[in-house]
Amino acid sequence: MRDVQARAGTGQVIVIGAGIAGLAAAHRLLERGARVTVLEASDRVGGKLLPGEIAGARVDLGAESMLARRPEAVALAREVGLADRLQPPATATASIWTRGALRPMPKGHVMGVPGTAAALSGLLSDEGLARIERDAELPRTEVGDDVAVGEYVAERLGREVVDRLVEPLLGGVYAGDAYRISMRSAVPQLFQAARGHTSLTEGVREIQAKAAAAQQTGPVFMGLEGGVGTLPLAVAESVRARGGEILTRTPVTELRRTPADGGWRVVSGVRVWHADAVVVAVPAPAAAGLLRTESPGAAAELGAVEYASMALVTLAYRRAEAALPDGSGFLVPPVDGRTIKASTFASRKWGWIADENPDLLVLRTSVGRYAETEILDSDDTELVDVSRHDLNAATGLDATPVATRVTRWDDGLPQYPVGHHARVARVREHIAALPGLAVCGAPYDGVGIPACISSAYAAVDQIHGDLRGVEELTAHPVQSLHGGAGE
């Protein structure tokens, strides 16, 4: 092996992983005066944020929007020169495709949980609405240290609320199962409401009242002209401009402490780096492999984190041949037995796509949920066919696309089951015993872009001896809201 970068004094940091969390960590480290090298196993930066094109149109092939009511993502975009490209959705009016029809997405709910039965009128059956009304009469439901979102909401308001609205909304974020997903980690607002109120609907109304009192203005979500996938590219460019080094096709194969000087030895093939600190910003399985020697306890916890796989099917049509209903797209409850779980009308949702491609209509569908692997074994042609079949059934669209593209995200989304917060706390307890080491990214405190960036900043603070950010995130994860159909 050969040392390609000797440790020179203090302040040399290796960041493992060049997704948005790793890049945000590198960016913040450089602001703090560190010397930074980012090592990425794949041939590109960005992780689940991926810009691409179809029929000449620029599109996102991964996540397509970011929560704007949290400051981290929008602020980082501005810091790296993208302020003039920030754009809110042109329309945020989505639908639910359920019980054989596209029905307007209800308003007045928190991740599908209503403040009143009337908020879901038109979506649920009369029996389902009546069941919500019983919430005020039911005795208190104890949530303990954590509880599954679906389990708790079904007990308070009935399964129909979960199956027709909560499930597709959570599925848009986690591709998971609402009856397994942790309320404490995934919807912390609801968890606090459940702890403080006997009636769930009363708790939701309090959340809504506080939000109204805060008088938050501006869009809830934001995109970028050219796609959210351009954000990591701009951050990477800024990192390099500040003197940071980013190496792709450089998988880390060994991470060891160097007790003699309190630093770290990082190995990739025949190359060796020596650093004062290391930030591990990779998915849980990869992190488990890296930490197995120095922190077997953290590795065991991370090795137990499960992931969901999914595929995005992007389709381009001649606008003159394709007619769609109004709105930005629709969500699909699994209970209805359809194959696709959502569709985004990208040319409707993002004004820049329509402006750049006036003769095209671009949309996409998403396929695949936790433990639903059979459909993802289909080849690309089959995924396009089932998407077109469901789109026709939902919207009447029967035109032939001029181009299609399938993007597979194998093990793309970490799952947050009941007890996830406790697992994250145990990981961090193990990591805290190793000075100069921190972890960040989607497996910990939220899967959305702002959550990953917040996690990265807390990791940077940690290696500088400030644990307040990590402690705050562990206690209060960042809720990852659904940005409209097709996220």
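**Chat about loops, a sheet and aromatic pairs**

Student: Is R99 buried, exposed or partly exposed?
Tutor: R99 is partly exposed, as its relative accessible area is 34%. Keep in mind that the model is predicted.

Student: Where does R99 sit?
Tutor: You'll find R99 in the loop between strand 8 (94–98) and strand 9 (101–104).

Student: And what about the phi of R99?
Tutor: R99 is not a glycine, yet its phi is positive, about 50°. M111 is another residue other than glycine with a positive phi, near 50°.

Student: Where is M111, then? Is M111 buried or exposed?
Tutor: M111 belongs to the loop between strand 10 (109–110) and strand 11 (113–114). Its relative accessibility is 7%, and the cut-off for buried is under 20%, so M111 counts as buried.

Student: How do strand 8 and strand 19 run, parallel or antiparallel?
Tutor: They run parallel, and three bridges join them. For a spot to look at, A94 has G329 in strand 19 as its bridge partner.

Student: Now aromatics. How many aromatic pairs does the count come to?
Tutor: The count comes to three aromatic pairs. In one of them, the ring centres of Y174 and Y416 are 5.4 Å apart and the planes are at 45°, so this pair is tilted.

Student: Which parts of the chain does that pair link?
Tutor: Distant ones: Y174 is in helix 5 (residues 159–174), while Y416 is in the loop between strand 22 (403–414) and helix 15 (420–432), 242 residues apart. Y174 is buried at 1% relative accessibility, and Y416 is buried with a relative accessible area of 1%.

Student: Why does the pair of F330 and F345 count as edge-to-face?
Tutor: Planes over 60 degrees apart count as edge-to-face. The F330 and F345 planes are at 70°, with the ring centres 6.1 Å apart, so the pair is edge-to-face. F330 lies in strand 19 (residues 329–331) and F345 in the loop between strand 20 (340–344) and helix 12 (346–349), so the pair ties together parts 15 residues apart in sequence. F330 is buried at 1% relative accessibility, and F345 is buried with a relative accessible area of 1%.

Student: Which residues form one aromatic cluster?
Tutor: W97, F330 and F345 form one aromatic cluster.

Student: What sits over the ring of Y457?
Tutor: The charged end of R28 does, 3.6 Å from the centre of the ring.

Student: Last topic, helix 7. Which of its residues are buried?
Tutor: In helix 7 (residues 188–196), the buried residues are P188, L190, F191, A193 and A194.

Student: And what covers the buried residues of helix 7?
Tutor: The cover includes strand 10, strand 11, helix 4 (149–157), helix 6 (183–186) and helix 8 (200–214).

Conventions:
Residues are numbered from 1 along each chain as its sequence is written. This is a predicted model: local features need pLDDT of at least 70, side-chain atom pairs count only at pLDDT 80 or more; totals for chains, interfaces and linings use all residues. Side-chain values use heavy atoms; hydrogens and water are left out. Rings of Phe, Tyr and Trp (its six-membered ring) pair if their centres lie within 6.5 Å; planes under 30 degrees apart count as stacked, over 60 as edge-to-face and the rest as tilted. Helices (H or I, at least four residues) and strands (E, at least two) are DSSP runs, numbered from the N terminus. Buried means under 20% relative accessible area, exposed over 50%, partly exposed in between (1.4 Å probe, protein chains only). A charge sits over a ring if NZ of Lys or CZ of Arg is within 6 Å of the ring centre and within 35 degrees of the ring normal. Two strands pair if DSSP finds at least two bridges between them. Contact means heavy atoms within 4.5 Å.
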